[in-house]
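Me: Please take a close look at the surroundings of the ligand in this model. I would like the residues, the distances and the cut-offs in one connected account.

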Amino acid sequence: MPKSSTIAIDGPAASGKTTVGQRLARKLGYRFVDTGAMYRALTWEAVRLGLDLEDEIALTRLARSTDINIERVKNGRVTVNGRDVTAELRSDAVDLGVSLVSKVVGVRKVLVRKQQTLARGGDIVMAGRDIGTNVLPDADLKIYLDVSVEEQARRRYNELIENGETADYRTILNGLTRRDNIDSNRSANPLKPAEDAIHIDTDKLKADGVVAEILTLVGES
Ligand code: CDP
């Protein structure tokens with residue numbers, strides 16, 4: 001089987017896309033791009049500037065004029081106009097606003113183009129919501145990670161507790177459900193599996209188990 005050099009991983013919030021994508025990319029010696037971090041970075045900038053998150057024109061203008069960089073050297077660092085915002089991408093303000101910013105057609109056009117440019121040259125794992133359907137419709141391998149809403153909330157809850165933060169399971173569950181609803185029901189590139197995506201149910205599988213399944217599909221194990 002020829003090696004898959006572009007791998008798309010899509011799925012709802014807390015389905016494990018980032019962890020799985022990072023580990024998979026490391027095993028294969030590929031680059032990893034977390035497209036969610038780009039939408040989060042733009043949202044962070046919009047919140048910092050106090051923009052109305054319903055103002056599509058202002059958000060589109062901001063997307064066009066903001067330099068979002070997912071640094072390749074220091075794995076996973078994200079900068080906005082040169083400022084390192086990595087630590088702030090998962091703040092409550094960004095969590096609340098990101099689905100509103102991401103549903104703006106003009107914003108998506110700008111970020112999708114950046115993502116397609118990043119993917120040129122292959123040997124890449126890209127994670128998001130619309131990678132298999134829209135960003136890389138010709139990806140060599142498309143994975144869709146399924147997860148139940150209870151497991152999503154449990155994962156986020158544990159993440160927060162492990163980081164020494166306070167967490168309330170109900171609030172987390174409601175927030176994730178709201179975000180997935182907006183992401184799935186927007187008109188521009190909604191969250192949905194590509195027709196040719198291979199589904200992996202992650203509820204009972206740890207990240208390494210998911211990576212192992214994908215490596216089997218790639219023909220690397
Ligand atoms: O890490 P988590 O799964 O919670 O979310 P994320 O991947 O960081 O994505 C944050 C948000 O960005 C999502 O809820 C979507 O609104 C948006 N997003 C998108 O619209 N398209 C993508 N390709 C990736 C993320």
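Reply: The ligand has 19 residues around it, of which R40, R90, R108, D130 and D183 come nearest; a residue is near a molecule if one of its heavy atoms lies within 4 Å of it. The model is predicted, so local features need pLDDT of at least 70 and side-chain atom pairs count only at pLDDT 80 or more, while totals for chains, interfaces and linings use all residues. Residues are numbered from 1 along each chain as its sequence is written, and side-chain values use heavy atoms, with hydrogens and water left out.

For D183 the distance is 2.6 Å. For R186, a polar side-chain atom lies 2.8 Å from an oxygen atom of the ligand, and for S99 the distance is 3.4 Å. A polar contact is a pair of N or O atoms within 3.5 Å; within protein, one must be able to donate a hydrogen and the other to accept it, and residues adjacent in sequence count only if both atoms are side-chain atoms. The ligand taken alone exposes 540 Å², and the protein buries 99% of that (Shrake-Rupley method, 1.4 Å probe; for residues, only the protein chains shown count as cover).

Two or more shell residues each come from α2 (35-48), α4 (92-102) and α8 (169-185). The largest share, 4 residues, is that of α2. Helices (H or I, at least four residues) and strands (E, at least two) are DSSP runs, numbered from the N terminus. By class, the shell holds 10 charged, 5 polar and 4 nonpolar residues. Here Asp, Glu, Lys and Arg count as charged, Ala, Val, Leu, Ile, Met, Phe, Trp, Tyr, Cys and Pro as nonpolar, and the others, Gly among them, as polar.

D130 sits in the loop between β6 (124-128) and α6 (131-135). D130 counts as buried because its relative accessibility is 1%; buried means under 20% relative accessible area, exposed over 50%, and partly exposed in between (1.4 Å probe, protein chains only). The side chains of D130 and R108 are joined by a polar contact of 2.9 Å. Leaving out residues up to four places away in sequence, D130 touches D10, R108, V112, V135 and N189, where contact means heavy atoms within 4.5 Å.

As for the whole protein chain, there are 9 helices and 8 strands, and 48% of its 221 residues count as buried. Its C-alpha trace spans about 50 × 40 × 35 Å along the principal axes.
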